[in-house]
Amino acid sequence: MIRTTTLGDLTALMQIETNSFDRSSFAMSRQNFIYHINKEAVLYVYEADDTLAGYILVFVRKNSPKARIYSVAVKESYRGQGIATALFEKAISYAKETAKDTITLEVRADNENAIKLYKKLGFKTQKRLKGYYPDKMDALTMELFLNL
Ligand SMILES: CC(C)(COP(=O)(O)OP(=O)(O)OC[C@H]1O[C@@H](n2cnc3c(N)ncnc32)[C@H](O)[C@@H]1OP(=O)(O)O)[C@@H](O)C(=O)NCCC(=O)NCCS
């Protein structure tokens, strides 16, 4: 059910993106998806009933011990079924395979659902970045330390 993306997923990815993020967040454009897919990033998609139900974009740079979750979103009608959790488990396995010791991410300080998810997965808050988002909302940086 989880696989790496292909360019054929772009329309479905953009649908999830525009329904999940507004201008107050850093939503990805079609060009952003293409750019990141071709760089040092892995994008996993979750398929359910022939539908692309969610994605997670993970950055893994050769010279850094840390992996970074750049974005994650689940289609609205598929939320609350453990899909984001499954995508994170895949991303965590990938980070371990590539010998990363930490996973980092940023989240809007008012995104309670996402923060709850990250805490449940074991992420701890590191810093608060004042006025980080386009609408001046703060970001929390969070980290998960991996037992290699
Ligand atoms: C945040 C998001 C990715 C969660 O996806 P999901 O597949 O519904 O998450 P899961 O079903 O794996 O939920 C796991 C845990 O997250 C928390 N959680 C997720 N959605 C929640 C909600 N609506 N209300 C309360 N807790 C929630 C809960 O702790 C949940 O565990 P539980 O079901 O045992 O209570 C999804 O709501 C989404 O796409 N939101 C819009 C995009 C976004 O905000 N992305 C994060 C940007 S940093």
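Let me start with a term: a residue is near a molecule or strand if its C-beta atom, placed from the backbone, lies within 6 Å of it. Now the housekeeping. This is a predicted model, where local features need pLDDT of at least 70, side-chain atom pairs count only at pLDDT 80 or more, and totals for chains, interfaces and linings use all residues. Residues are numbered from 1 along each chain as its sequence is written.

Ligand first. There are 18 residues around the ligand, and Arg-79, Ala-84, Thr-85, Asn-113 and Leu-117 come nearest. Strand 4 (66-74), helix 3 (83-97) and helix 4 (112-121) each give two or more residues to that shell. Helices here are DSSP runs of H or I, at least four residues; strands are runs of E, at least two; both are numbered from the N terminus. Helix 4 has the largest share of the shell, five residues. By type, the shell has eight nonpolar, seven polar and three charged residues. Nonpolar means Ala, Val, Leu, Ile, Met, Phe, Trp, Tyr, Cys and Pro; charged means Asp, Glu, Lys and Arg; the others, Gly among them, are polar.

Seven strands make an open sheet, order 1-2-3-4-5-7-6, with mixed pairing. Two strands pair if DSSP finds at least two bridges between them. Strand 1 and strand 6 (124-129) are at the edges with a single partner strand each, so one side of each has no neighbour in the sheet. Strand 3 and strand 4 are antiparallel, over seven bridges. In that region, Val-58 stands opposite Ile-69 of strand 4. Helix 1 packs on the sheet and touches strand 3 and strand 4, its direction at about 85° to strand 3. Contact means C-beta atoms, placed from the backbone, within 7 Å. For angles, axes are lines fitted to C-alpha atoms, for helices over the stretch in contact, and values run from 0 to 180 degrees between N-to-C directions.

Now the core. The largest nonpolar core has 30 residues, and Tyr-55, Ile-56, Ile-69, Leu-87 and Ala-91 have the most contacts inside it. Helix 3 gives the most, six residues. Such a core is a set of buried Ala, Val, Leu, Ile, Met, Phe, Trp, Tyr and Cys residues joined through C-beta atoms within 7 Å. Buried means 20 or more other C-beta atoms within 10 Å of its own, exposed 12 or fewer, partly exposed in between, with C-beta atoms placed from the backbone. Leaving out residues up to four places away in sequence, Leu-87 touches Ile-2, Tyr-44, Tyr-46, Gly-54, Ile-56 and Val-72.

Last, Leu-7. Why does Leu-7 count as exposed? Because Leu-7 has 11 C-beta neighbours inside 10 Å. Leu-7 sits in the loop between strand 1 (2-4) and helix 1.

Terms used
Two residues are in contact if their C-beta atoms, placed from the backbone, lie within 7 Å.
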